[in-house]
Amino acid sequence: TYYIVPDIGECKDTDIVIPSEYKSKPVKAVDYGAFQNSSDIKSVVIGDNVLQVGPYAFDNCDALESVTVGTNTKRISGYAFSDCLNLRQIELSDSLTTICEGAFEYCLNLTDIVIPDSVIKIEKYAFRYCSYLENIRFGKNLTEIGANIFKECSSLSEIELPDSLISIGGGAFYNCTALKSIIIPDNVTSIGAYAFNECENLTSVTIGNSVSSILDYAFYKCYNIENVYINDIANWCNIAFHDEDSNPLDFGVKLYADNTLLTYFIVPTGVTNIGDYAFDAYTYLTYVDFGEEVETIGTRAFSDCDGLTQIEIPDNITIRPLTIKDRNSIIKWANGRKDSYIIHLLNEQDYLDENNLHAFLIERMTDFDKVKAALDRFLPYVDNWAVCDGMNPKILAKHPERRVEAAMAWLSSSHV
């Protein structure tokens, strides 16, 4: 048998010691809300036999300044120390494995914390709104950082994530306005939505080799990012960016692959897909060679790459459906380009907007033979007036006889 510290109501003592034993029984836990709303408590020492601090056990103890957790405590439950506005010092157990939801939420005066190596998981909201938290040292076995765990920790300027980490939850560092750099370890596979949203002083981001998914708005309003560092360009091509704001390149920063600024990009052997938004708004890119293995190019993969002057796209590549922004960016890029560049973009499409883009690109070609060849290939897919009436290649007017000859051939085609 064992003893659990019950809900004792509002406590007037200032220094609380939870003993290891009570009436010859080991004290194993502090119950739900046991000392909740006790405004006189200033310090808490938890005995070595206590395995769990229960939910809301010391919630809203607004005079509490220091907590020492027993050597065998394995779990700090949800909101156990939330709203302890004056809590400044925490000593955690080397046996601790889980810090639960909201455990230290709104501990406004907490400035430093050391997470033991034994901790595997920190759940959502654990340190949310700890606005004076400046330093945190993670243990080497942590695998998961929950959603919104450091949201609004506006004093957190430096953080070193452990190599053991696998996932970063949504909003994990939301509005950490003092954060200047972040290195995502190589074992991390996913970064949640809004993870670094509004980290307005973030200047440097390093993405590890195993990241496969970055969700919506992960880097939204990170206006001051200057450099993004990666080691594996092949992995970068395969990352599932969920929107333009999940890619830190969206703000026109420099991308370094193996510490070399990426301007000239030859797709590595083995890469068959360029993911959605992979190089969206990357203005330092000037040349792309897709090689022979790439099969698909994702939505807006190269949208707003204003510095791009040459691109080699084999005929076998499929370009995914285009947005209006994609179309306008490609048209802008095509102005003044050689016909040979434009031809690479002319594949049969499935959508009206894509066919309109196809027509607009043909209009910008300046060689009659290449225009005719492009039209021979494209006209069988024109099945509505919107595409037909929107296409008027000017080069045809300069060769009236050849234009009539080509028109007669098109009219006699089996597609008419």
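Author: The model is a predicted one.

Reader: With which residues is Ser 77 in contact, leaving aside its neighbours within four places in sequence?

Author: Contact here requires heavy atoms within 4.5 Å. With neighbours within four places in sequence left aside, the partners of Ser 77 are Gln 52, Val 53, Gly 54, Pro 55, Cys 100 and Ala 103.

Reader: Is Ile 90 buried or exposed?

Author: Ile 90 is placed in strand β9 (residues 89-91). The cut-off for a buried residue is under 20% relative accessible area. Ile 90 has 10%, and therefore the residue is buried.

Reader: Which residues does Ile 90 contact beyond its neighbours within four places in sequence?

Author: Ile 90 belongs to strand β9 and has a relative accessible area of 10%. Once neighbours within four places in sequence are set aside, Ile 90 is in contact with Val 67, Phe 104, Leu 110 and Ile 113.

Reader: How many Å apart in space are Ile 90 and Trp 410, C-alpha to C-alpha?

Author: In sequence, Ile 90 and Trp 410 are separated by 320 residues. In space, their C-alpha to C-alpha distance is 81 Å.

Reader: How many salt bridges does the count give?

Author: The criterion is a side-chain nitrogen of Lys or Arg within 4 Å of a carboxyl oxygen of Asp or Glu. By this rule, the number of salt bridges is 7.

Reader: What is the N to O distance in the salt bridge of Lys 12 and Glu 10?

Author: Lys 12 is exposed, because its relative accessible area is 58%. Glu 10 counts as partly exposed, at 47%. Their side chains meet in a salt bridge with an N to O distance of 3.6 Å.

Reader: How many residues apart in sequence are the parts that Asp 40 and Lys 12 tie together?

Author: Asp 40 and Lys 12 form a salt bridge whose closest N and O atoms are 4.0 Å apart. Asp 40 lies in the loop between β4 (25-30) and β5 (43-46), and Lys 12 in the loop between β1 (3-5) and β2 (15-18). The pair therefore ties together parts whose separation in sequence is 28 residues.

Reader: Which parts does the salt bridge of Arg 402 and Asp 369 tie together?

Author: The closest N and O atoms of Arg 402 and Asp 369 are 2.4 Å apart. Because Arg 402 lies in helix α7 and Asp 369 in helix α5 (residues 368-378), the pair ties together parts 33 residues apart in sequence. Arg 402 is partly exposed at 38% relative accessibility, and Asp 369 is partly exposed at 45%. The parts joined are thus helix α7 and helix α5.

Reader: What is the phi of Ala 281?

Author: Ala 281 sits in the loop between β25 (273-274) and β26 (287-289). With a relative accessible area of 10%, Ala 281 is buried. Its phi is positive in a residue other than glycine, near 65 degrees.

Reader: What phi does Arg 300 have?

Author: Arg 300 is found in the loop between β27 (296-297) and β28 (310-312). Arg 300 is buried, because its relative accessible area is 7%. Although not a glycine, Arg 300 has a positive phi of about 55 degrees.

Reader: What volume does the largest cavity have?

Author: The count gives 1 cavity of 30 Å³ or more. Residues lining the largest cavity include Ile 207, Asn 231 and Trp 236. The volume of the largest cavity is about 40 Å³.

Methods
Residues numbered from 1 in each chain as written. Predicted model: local features only at pLDDT ≥ 70, side-chain atom pairs only at ≥ 80, totals over all residues. Heavy atoms only, no water. Helix = DSSP H or I, 4+ residues; strand = E, 2+ residues; numbered from the N terminus. Buried < 20%, exposed > 50% of the residue type's maximum accessible area, 1.4 Å probe, protein only. 1 Å grid on protein atoms, 1.4 Å probe; cavity = no way out; pocket = protein on both sides within 12 Å on 5 of 7 lines; lining within 4 Å. Points joined across faces, edges and corners; volume = space filled by probe spheres on them.
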